[in-house]
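The sequence and structure come next, then what I looked up.

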Amino acid sequence: MDTAGPQALCDLCLAQVCRSLDALCSRRADGSLYLSWAPLLPPEMADQLLHRMAAMGLLSDRTVGIFRNCKELRLRRAFIRSCSVSAQAFRLALCPHRLQELDASWIPSDITGASIIAGLASNPECRSSLQRLSLNGLHLDYESLGEDGGARVGFSSLQGLRTLNLAHTNLTDAILKDICSLPQLENLDISCSTVSDLTALLECRNTLRSLVAHRLRQLDMSAARLIFVLSQLHALRHLDFSDDHFAGMSVDDSDGREGDETVRQLLEGSPQVLPALVSLDVSGRKRITEAALRAFVEARSGLLFLGLLATGVSSCDVTGEANESQICEALRRYNERECFVREALVHLYNMTTDIDKPRPDILKLVLSGMQSHFTSLHIQLVATACVFNLTTQDLAEAMPVHLLSSTVTQLLYAMMNFPNHQQVQKNCLLALCSDYILQDVPFDKYLAAKLVMNWLSTHEDPTLQRMAVAVISILVAKLSTEETSQLGNDIFIMKQLLGIVQQKAMAGVVDTTLKFALSALWNLTDETPTAARHFIQCQGLELYEEVLESYHTESSIQQKVLGLLNNIAEVEELQGELMEEDLVEHILSLLQDSQMEVGVRYFAGGMLAQLASRPEAWTLDDELRTTILEQLVFHSLPHLHPHCRSFRPFCPLLQTSQPSGVQLWAAWAIHLVCSQNTTHYGSMLQKEGVIDLLKALAADSDTHSDIKRLSETILSMVE
């Protein structure tokens, strides 16, 4: 499916089912789930459901229980890679199915290769139906396998196997011998295993078509013996005998030396050895000459692929590092090999430094490498730099949104996994600092805000600080009320942002860092009483009074300050903190100043309306309150274009018992906001009960005529 297109309906439905498992399921006595009602699904759909649960991190002993239902949920291609599923849960849920493929690689639980083999062999149908098995990264524990009907259970029990992947396992020569007795074995991956002798491969000389033997460091065979074994594999079409001891890396040169000699003899030897090869990969090997390489290729007309990454030589149809196509091919082929992915990414970074065209195909390859090696510092360091190169400036806007969303999520994982690595954090921050990504790409913005705040607390570089504060400012504005409240509960964040404001105010500068910090604080306290209390506790009010006075000619600064003070005034228990005569009179003067920016007067009026709306909480001179109410009626501001996240703060101001000045300001403010986007805000008014309050005002005979007119106008707009 094209990554630029929308998600398939099937994918959306499967994701919804995964998110709703608890609602759709009941519990067994052992705590596992089963679907309360299950339709008869095609096997392909059951496979996709299992795969999606695994991809979403939802697969466990509890949830895999739904697949014990073998009648409606019939699995054929089971994927439980990297999922915490125990041996018992595996046997109960997956082994009863007539499986054709199973990927149980890198499972972090107590499950072993032996327990998987025994479970599969316990189902007579699986013994013949299973064609593909991947157990990469597992401890095989082969000696624990018992007997069944007098015959020892092992890989040879699964007579239908055609493909077997055992990379990064404790594979032994004895186990390899058992494997090679399989009558239909075509593809074998024994990379990074502990096997020492490949002579057993002669048993499958007429069936084995693909052998992947990357980095066999314990191989104990002479080059001549190894060449002889390979020469007898008459069906072999694909051979990977690569290594990863790159020049310049601190690796013992004796490691792999015999393998290098084997490759040299293979390339320089008789054309009768493996004459029908279609692909050969010798990446990372030394002692390769271009002359030998050319002769080898010319003698094998069917050769389509040659892997030469980190060998010092390259040609046209290869994975090397000479050009973009070679690097991309390396990223595709070597996705699970950290050493090769890192090598390819280093070259890719240099090639994309000045890129000026969007390349979603390359970004997808980088993302895949990041996902496969999320714990590797080396990979994440280079990959995050590549992401920045590929998404900088306007390049991101031409990328598929789904791809960008996954990429940003991976950047956040990198920030979490390497919190103390300055360059990784910097790379991620540089990539995040994009208006398009922050505004239009879906990702966990709450997590991002937390991570960037944590980074900000330990870095004072002015350029990076400005970017971090800008990112936080935009992210906080995008959070839901609940998420903003969670963020506001952390007093550390409040202290950090106020510290930046104080730093800038003491220097008397007006820059984007100050403005972004003020905006972040404004959004952080919006409908968040806890954050508002933290603001007071951190002496934020005193600081803001100084900022109001110091920046009296900077309307953009004053508007952000007054916006936050509005948020404080909306919290009834904190209104007393604002009852300072000098402060209130100063804000009243801003409302009265016709030369002042409209936005400043708008928020000045809002704060005063909140304070004057509760006479029982008013502690200043009554004459001052009367003046405020009169001025709220007198001053109208027709040209403002504000926005609003919620109308709930206006509800107390629209009560029929409120003074006319308070009612008028609230009705006028609602009218201004709604006139910008009636469709959006009209539904919000209905949902939050404002429509009923406006109807009550319009019907009350004591309501001021201007307020009635405004209320009726708003109601008419909404209708």
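Which helices do the buried residues of α24 pack against? I noted α21 (491-507), α22 (512-524), α23 (529-537), α25 (555-569) and α26 (581-592). The model is predicted; local features need pLDDT of at least 70, side-chain atom pairs count only at pLDDT 80 or more, and totals for chains, interfaces and linings use all residues. Residues are numbered from 1 along each chain as its sequence is written, and side-chain values use heavy atoms, with hydrogens and water left out.

**Entry: helix α24**

I listed the buried residues of α24 (residues 540-550) as G540, L541, L543, Y544, V547 and L548. They cover an arc of only 155° around the axis, so they sit on the same side of α24. On the other side of α24, I found E549 and S550 exposed. Buried means under 20% relative accessible area, exposed over 50%, and partly exposed in between (1.4 Å probe, protein chains only). The arc is that of the directions from the helix axis to the C-beta atoms. Helices (H or I, at least four residues) and strands (E, at least two) are DSSP runs, numbered from the N terminus. An α-helix has 3.6 residues a turn, so residues three or four places apart point the same way.

**Entry: aromatic pairs**

I counted eleven aromatic pairs in the structure. The ring centres of Y334 and F340 are 4.7 Å apart with planes at 65°, so I logged this pair as edge-to-face. Y334 is buried at 1% relative accessible area, and F340 is buried at 0%. For Y602 and W668 the centres are 5.7 Å apart and the planes at 50°, so the pair is tilted. This pair links distant parts of the chain, with Y602 in helix α27 (residues 598-612) and W668 in helix α29 (residues 660-676), 66 residues apart. Y602 is buried at 6%, as is W668 at 10%. Ring pairs also join W522, Y602, F603, F647, F650, W665, W668 and Y681 into a cluster. Rings of Phe, Tyr and Trp (its six-membered ring) pair if their centres lie within 6.5 Å; planes under 30 degrees apart count as stacked, over 60 as edge-to-face and the rest as tilted.

**Entry: charges over rings**

I found R333 over the face of F305, 3.3 Å from the ring centre. The charged end of K445 sits over the ring of F443, 4.2 Å from its centre. The rule is NZ of Lys or CZ of Arg within 6 Å of the ring centre and within 35 degrees of the ring normal.

**Entry: L161**

I placed L161 in the loop between β7 (151-152) and β8 (163-165). L161 is buried, with a relative accessible area of 0%. Leaving out residues up to four places away in sequence, L161 touches L130, Q131, R132, L133, F155, L182, Q184 and L185; contact means heavy atoms within 4.5 Å.

**Entry: cysteines**

How many disulfides are there? I got zero, taking a disulfide as a pair of cysteine sulfur atoms within 2.5 Å. The sulfur of C83 is 11 Å from the closest cysteine sulfur, in C18, so it is too far for a bond. C83 is buried at 5% relative accessibility, and C538 is buried at 17%.
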